[in-house]
Amino acid sequence: MSALPLDEIKARLRLGEVAGEFEYRVEANDLARFRAAIDAPLGPDDDPELAPPTYFALLDPMERGDLASDAFVYELPFPMTGGGNAFNEVEYDRPIRVGDVLTVTTRFTEVYEKQGRQGTLLFRVRENEIRDASGERVAKTRLGHVLSFEIAS
Amino acid sequence: MSARILDSVEIGTALTTSVHEIDLETLVRYAGASGDFARIHYDLEYARLRGFAGLVVHGLLKASYLAELARSWGGAGAQVIAFSVRYVGVDLAPARITCRGEVTSVDPEHGTVGLRLWTESTDERVTTEATATIRWPR
């Protein structure tokens with residue numbers, strides 16, 4: 001039996017439905033700042049207009065704080081013992097480039113519970129489809145987040 | 001490295017290791033660049049309230065180090081077409097993160113190489129595990 005109100009969480013996240021659609025523009029300054037932050041200087045043969053492979057993280061509405069539809073999970077009546085990103089996956093149809101105007105469509109696709117060392121783990125998985133201005137898909141991502149709770153048995 | 005690597009690379013080949021020293025400034029810079037302003041990464045009191053013993057290193061920062069290890073190994077023109085990462089342990093700042101990788105598959109027909117990548121913390125725990133597929137233009 002689930003310790004967490006999974007059915008309520010799934011319903012509030014509207015599992016499978018579009019949770020939000022956002023538009024982001026890829027700017028040269030943002031790429032440069034990101035490269036510096038991840039210790040990835042350009043080599044002499046590198047194209048400065050191509051985004052690093054993990055730039056997809058900057059296009060995730062949850063990471064950016066643009067999509068807060070799961071804020072209620074932080075108000076569950078159980079002590080929180082940890083949490084953060086559980087996993088990230090990306091498949092690129094083409095590299096992200098400076099000047100791209102990208103539409104990101106987010107859906108929550110999975111909610112499940114596991115028992116872990118830090119307590120009861122709540123996993124929430126979301127998927128982003130990233131398309132360019134012509135409607136062509138650029139990438140798809142799958143991102144899992146975990147929160148751990150101490151729940152008295 | 002270039003597409004010619006497909007003619008000579010072998011499964012099991014190790015990538016050159018990279019090492020990254022992480023402190024509060026690193027986390028603040030990454031937060032500013034990525035937009036991830038979760039307080040567990042820069043507010044020590046809040047991090048402890050959330051159950052952490054210190055400031056948490058962003059998982060995606062570690063993932064970025066690994067993806068960059070793969071990309072730079074591939075050389076000019078190489079593209080990381082797929083990347084998958086799991087966060088199996090928490091790193092707390094200050095930290096020294098060592099990034100390692102090895103070749104797991106070679107597909108000359110499609111022009112791709114598969115890699116296994118991972119980070120090791122200061123105490124040699126594996127805290128991040130990843131796979132990457134690199135492709136060179138034909």
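## The interface at a glance

About 2500 Å² is buried between chain A and chain B, with 57% of that on carbon and sulfur atoms. On the chain A side, A:Ala37, A:Pro53 and A:Asn88 lose the most area to chain B, and together they account for 19% of what that side buries. Keep in mind that this is a predicted model.

Counting contacts instead, 30 residues of chain A meet 31 residues of chain B.

## Who does the touching

The polar side of the story starts with 9 residue pairs in polar contact across the interface of chain A and chain B, both partners at pLDDT 80 or more. On chain A, helix H2 (28-37), helix H3 (61-64) and strand E2 (80-92) each supply at least two residues to the side that touches chain B. E2(A) gives the most, with 12 residues. By type, the residues on that side of chain A split into 16 nonpolar, 6 polar and 8 charged.

How many salt bridges does the rule find across this interface? It finds 1. The side chains of A:Asp46 and B:Arg71 meet in a salt bridge, at 3.2 Å from N to O.

## A strand pair across the chains

E2(A) also pairs with a strand of the other chain: E2(A) and strand E3 of chain B (residues 79-87) run antiparallel over 5 bridges. To find your place in that pairing, look for A:Glu91, which stands opposite B:Ala82 in E3(B).

A:Pro53 sits in the loop between H2 and H3 of chain A. Is this proline buried or exposed? A:Pro53 counts as buried because its relative accessibility is 7%, and the cut-off for buried is under 20%.

Leaving out residues up to four places away in sequence, A:Pro53 touches A:Val90 and A:Tyr92 in its own chain, plus B:Ala67, B:Arg71 and B:Val80. B:Arg71 is also the salt-bridge partner of A:Asp46. A:Pro53 and A:Tyr92 are 39 residues apart in sequence, with their C-alpha atoms 8.9 Å apart in space.

## Strands within chain A

Chain A has its own antiparallel pairings. Strand E1 (residues 18-25) is joined to strand E3 (residues 101-116) by 7 bridges, and A:Tyr24 stands opposite A:Leu102 in E3(A). E3(A) is in turn joined to E4(A) by 13 bridges, again antiparallel. Those two strands form a hairpin with 2 residues between them, and in this pairing A:Thr103 stands opposite A:Arg131.

One residue to look at in strand E4 of chain A (residues 119-131) is A:Asn128. A:Asn128 has a relative accessible area of 3%, so it counts as buried. Its side chain makes a polar contact with the side chain of A:Asp60, at 2.7 Å. Beyond residues up to four places away in sequence, A:Asn128 touches several others, among them A:Leu59, A:Pro61, A:Val104, A:Thr106, A:Lys140 and A:Leu143.

## Helix H2 of chain B

Over in chain B, which residues of helix H2 (residues 24-34) are buried? They are B:Thr26, B:Leu27, B:Tyr30, B:Ala31, B:Ala33 and B:Ser34. The buried residues of H2(B) pack against H2 of chain A, along with strand E1 (18-22), strand E2 (55-56), helix H4 (59-74) and strand E4 (92-93) of chain B.

Now for the ends of this helix. B:Asp23 caps the N-terminal end of H2(B), with a side-chain oxygen 3.1 Å from the backbone nitrogen of B:Glu25. After H2(B) comes B:Gly35, with a positive phi near 85°.

Conventions. Residues numbered from 1 in each chain as written. Chains lettered and ligands numbered in written order. Predicted model: local features only at pLDDT ≥ 70, side-chain atom pairs only at ≥ 80, totals over all residues. Heavy atoms only, no water. Contact = heavy atoms within 4.5 Å. Buried area = accessible area lost by both parts, 1.4 Å probe. Salt bridge = Lys/Arg side-chain N within 4 Å of Asp/Glu carboxyl O. Polar contact = N/O pair within 3.5 Å; in protein donor to acceptor, adjacent residues only side chain to side chain. Helix = DSSP H or I, 4+ residues; strand = E, 2+ residues; numbered from the N terminus. Nonpolar A, V, L, I, M, F, W, Y, C, P; charged D, E, K, R; others polar. Pairing = 2+ DSSP bridges. Buried < 20%, exposed > 50% of the residue type's maximum accessible area, 1.4 Å probe, protein only.
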